[in-house]
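Subject: Handover of the three-chain model

Hello,

Here is the structure I promised to pass on. Please open it first, then read my notes below.

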Amino acid sequence: MFKRKYWLVLALLFVMFIISACSEEGTETNTENEGEKETATATPAGPQEIRVRVNDDPDFLDPHRATASLSFQQILNMFEGLFLPQPDGSLTEGLAESYEVSEDGLTYTFKIRQGVKFHNGDPLTTDDVVYTFERLMGLNGGEKLSKNFDNVASIDAPDATTFVMTLKEPNSNFLYSLTALQSAILPKSNDGKHNENPIGTGPFAFAKYSPGTNLELKKNEEYWQEGLPYLDKVTFVYQSDDQAAVMNLLAGEVDLTGVPGHRVAEVEGSFNISHQNNNSSLIITFNEEKEPFNNLKVRQAINMAISKQDIIDSIFSGYATPQGSNMSPAMGDYYLDGLQDVYSFDVEKAKKLLAEAGYPDGFKTKITVSSHNDMYPNIAQIAVENLKQIGIDVEIETVEWGIWLERVYFGRDYEMTTIDLTGRPSAYEILNDYISTNDNENFFRFKNDEYDQVMADVLKETDREKQIEYYQRAQEILTEQATAVYIADYEILWGSKKNITGLKSYPFWFHDMKEVKFN
Amino acid sequence: MLYIIRRLVLFIVTVALVSIITFGVFQILPGDPVKTMLGTEADEVQIESLRKELGLDRPLHEQYMDWVQGLFTGDLGNSIRFSMPVSDLLMDRLPVTLSVASLALVIVLFVALPLGIFVAKRQNKISDVLLSSATQLGMAIPSFWLGMILIIYIGMNFDFFKINGYVPWSESIAGALSTLVLPALTIAIPQIAVKFRYVRTSILEQMQLDYVRTIRSKGLPEKIVMYKHILKNSMIPILTIFGLITAEVVAGTIIVEQVFALPGVGQLLITSISYRDFPLVQGIVMYITVTVVFINFVVDILYSVIDPRIRLR
Amino acid sequence: MKRYAKNINLVVGSIIIFGFFLMMIVSFFYTPYDVTAMDIPNKLKAPNTEHIFGTDEFGRDIFSRILVGSQTAFVVGLLTVIIGVVFGVTIGGIAGFIGGWVDELFMRLMDALMAFPGIILALMLVAVFGPGIVNTSIALGIIAIPNIARVARSGFVQHKEAEYVMAARLIGVKPLKIMFKHILPNVSSQIIVAASIAFAIAMLAEAALSYLGLGVQPPDPSWGRMLKDAQAYLIGSPWYTYAPGGAITILVLGLYMLSNAIRDIMDPRSKA
């Protein structure tokens, strides 16, 4: 009797909950229907739509304010500059149809391409080009947004199709600052709204941005390159967890994602895997102003004691290319091969060098790493094990990204650290970090007169072959001076659906969707 | 009434103190949010212009007063990382977290209540030992490990369950459930193990209350005793559970969202901490804490309405 | 019947805690393998006779790392409890003994701290202090304060009107001396129970923070951190999660059992 009563109470409670749950569901169903309609109209289940997984949100959609390579990886699909970067690291004419450089290397005259339309339908005019550079240089009332044009003396638009820039000093690398990475051409009519509602001339137009979730781009129907693009819609989906991203690829929720090396085997059979040399350089480096790292032999000893292969095998499952400087083979002609073998792993030799440097028993030091990516603490752990063998006792200090930036990158208050230097399309920008007067980026505190001279000379050199010679010499100096332990350019392994074609890989971060299509 | 007013004053004081702690604590944070945001590729020109834009160059008390004002108007400022209003970002993520939390809550209520009632009548040596072990195990097991175990044993064996990501309810109910059930279970299992004993205690208390005995002695049929009185008062155990677990379920989602890569408020919080996005961290902490405090406040009030004795305590 | 359960708690709890304690002591002198030594060709090997819990992504012996991880768990737990007890007893003692507006102020502040869900407060504080063993302990210590302060306060409130306190006052003993020499020993049993629970909570919270990547940082071994690392290999090497997860669960379980047992022994009334 009594027992039954309790079950009745129980049953009633259940009924109560079911009722409340139902009423809850009832209201939900309404919104669901609405939602379904919405998605049904916005995304007809067509095949020419791609979902690309990206690690993180862009810092800005406004290309003049964005600084993270991750941002450009996505937004470069919307914007173009006077020049377009190519997969091999060279440049072709973009919104500039043609150009001329004066004999003295100071005056650049561009013919602006006709018939190009912005995503809002407005035609591209020289006014927009002038506006773009004035905005970057802070000439039209706003804050200066870039230092790249400090060397520009004047800009001018003498007629409706001509744009002229005059430099203060010749700079053979100048054209590289005219791609969408540094100076995307923006419409004047969109002033003040470049971040909320970005408008460019690129193959895809902004559709919708949901922070932390995705960025949706739609096809630019009036793109100036005939027949392109093929895709109707591109969605960049944010997923910071690499492991989860692989699951999403396997489940068909994304069409393209980077795959961690140790999971390639799972993906290989049913998906395409393409290998991209990232053009970045993973390094372990030292503050070269501080003892004992001001001693060349100490730096060389460390270079020989760290096993690049161990790091490549454990962190990247073997998918990485060892380096000798931070120039990657991805840079083609500019890259000088052979440097990666100069300091081969040799504990005995390293010990000898350390003894010659006056540290027969090694020394104590500290490596400061950022915790925002597990890669850095992991690399530090391997380095610590390696350096223990030559008597160097390294303590790992793990700090947050913000503190790392403040203390190590900007504050230069550190002994050792590890980081990856992200790739850029221009050889000059890859190497200019080490110029002693480049206080902004030279967190190595590297100072070498010959290096400074080489980097100054190359800007005055107009002949490409000779430029290459300078750049290669610069790489040699970095290796000779053991400026850092250049570990590797790690490959990004792109897993994509088998029916996707037209993926291109650039020597910097760019998911170029222009020629991508589903077959 | 006096009780309710006293509770209300306490609620307001607590919220005020919480706001001071939340704002104040971030003023001693190391690391520059602007530099963090722009990373290694920024130059000083960009850094300065952004700092000014975000108002981070103004005096502290001004920033605090603005923030407090924002709390009342629901305008908690702009996230530094996403250059968007904090409230918009929260609204984006809230459905995920609310779904997990309410599903977990429902599971806990559905299982812990019957279980509590069931064991209330079966007290003996062995079950007592077993139950207390279950409770202790429930308290000891870390939720993130439990989540991984569920992934290994359930997620990988049954195609229905997705072990990461989130499908909005609006896209597909089954899809949403497939992504939410495992996280909700991860939160619910330890809560059930711990909380069903409170239900048992609460039910037993009701059974022994004077008024039940009085009604019984009046000769009312058992059925009426049960339905009319005990059932009405079984709101108490439900409230008990509700009050006890809200904070823990909310806290649980923060961690479980990481295990199952769910794009909820918890994940937003972790991201905002590593990006030193003060406004966003403050906003999230404030919202979550005030919600929890508010629920507890409401539970207290409801308690006093249902069971007047509580006011005297 | 109750005594039976209580004894089980006491016996099992003590065995677990003693076992882990022994493990920690031993790990200072001996581990089967060098905990940091890497053997990259042998990474992620499933448990076998050489490595009973397998090897991690650097080929390090997981069993050895579990042993050393107990040091971190105990250090964080102990530091947290010390901070919590020192500040908690001081705040609670002063509030309870003096009463009035001081009591009101302190207790409202403690209420406000308790109003934050634990992990939220922990995350916020760790964001402020930064990661690492000491910083994590400070953050967790702050979280432990309100609970201990409440227990201490109620003890002091109960005892401040007691005859022996009155007597001490009459003969002119200084208030501080009364608080710490006379009252404190009498409320210590409740504080010990609260502290032992704080210890268990701290270990769990440390594991959670480290799992989120915001607590103990490599190379310091931490079970929570190991679980974070293991999650990357969950599909291919699910066994990687068993040892660290099991270690946390068993140790915390032991602590809860022991603290329940202590509570039952010291305060028989609490059983109801």
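A helix here is a DSSP run of H or I with at least four residues, and helices are numbered from the N terminus. On that basis chain B reads α-α-α-α-α-α-α-α-α-α-α-α-α-α along its sequence. Keep in mind that this is a predicted model.

Chain B

The count for chain B is 14 helices and zero strands. Of its 313 residues, 43% are buried. Contacts at a separation of 6 or more are 74% between residues 24 or more positions apart.

Chain C

Chain C has nine helices and zero strands. Its C-alpha atoms occupy a box of roughly 75 × 45 × 35 Å along the principal axes. It has 272 residues, and 51% of them are buried. For contacts between residues at least 6 apart in sequence, 69% link residues at least 24 apart.

The UniProt record, an unreviewed entry, gives "transmembrane region" for residues 7-30, 73-102, 109-127, 133-152, 191-214 and 239-259 of chain C. I looked at two of these spans. Residues 109-127 of chain C are 89% helix and 0% strand, with end C-alpha atoms 21 Å apart. Residues 239-259 of chain C are 86% helix and 0% strand, and there the end C-alpha atoms are 31 Å apart.

Where B meets C

Contacts involve 40 residues of chain B and 37 residues of chain C. On the chain B side, the elements giving two or more residues are α1 (2-25), α6 (125-140), α7 (143-155), α11 (235-259), α12 (265-274) and α13 (278-306). The largest share is from α6(B), with eight residues. By class, this side of chain B has 33 nonpolar, five polar and two charged residues.

Chain A

Chain A contains 14 helices and 20 strands. Its C-alpha box is roughly 90 × 75 × 45 Å along the principal axes. Of 519 residues, 48% count as buried. Among its contacts between residues at least 6 apart in sequence, 68% join residues at least 24 apart.

Helix α3 of chain A

Take a look at α3 (residues 126-137) of chain A. Its 12 residues should span 16 Å at 1.5 Å a residue, and the end C-alpha atoms are 17 Å apart, so the two agree. Its buried residues are Asp128(A), Val129(A), Tyr131(A), Thr132(A), Phe133(A), Arg135(A) and Leu136(A). The cover over them includes β5 (107-112), β6 (152-156), β7 (162-167) and α4 (180-183) of chain A. After α3(A) comes Gly138(A), with a positive phi near 75°.

Backbone points to check

Most residues other than glycine have a negative phi, and most peptide bonds are trans.

- Leu228(A) to Pro229(A) is a cis peptide bond, with omega near -10°. Pro229(A) sits in the loop between β9 (214-219) and β10 (233-238) of chain A.
- Glu291(A) and Pro292(A) are also joined by a cis peptide bond, omega about -10°. Pro292(A) is in the loop between β13 (281-286) and α7 (296-305) of chain A.
- Arg445(A) is not a glycine, yet its phi is positive, near 60°. It lies in the loop between α12 (427-431) and α13 (449-460) of chain A. With 17 other C-beta atoms within 10 Å, Arg445(A) is partly exposed.
- Ala482(A) has a positive phi of about 45° and is not a glycine either. Its loop runs between α14 (464-480) and β18 (484-496) of chain A. Is Ala482(A) buried or exposed? Ala482(A) is buried, because 24 other C-beta atoms lie within 10 Å and the cut-off for buried is 20 or more.

Over to you.

Best wishes

Terms used: Residues numbered from 1 in each chain as written. Chains lettered and ligands numbered in written order. Predicted model: local features only at pLDDT ≥ 70, side-chain atom pairs only at ≥ 80, totals over all residues. Buried ≥ 20, exposed ≤ 12 C-beta atoms within 10 Å, placed from the backbone. Contact = placed C-beta atoms within 7 Å. UniProt positions renumbered as here; feature names shortened; annotations may be inferred. Nonpolar A, V, L, I, M, F, W, Y, C, P; charged D, E, K, R; others polar. Expected span 1.5 Å × (residues − 1).
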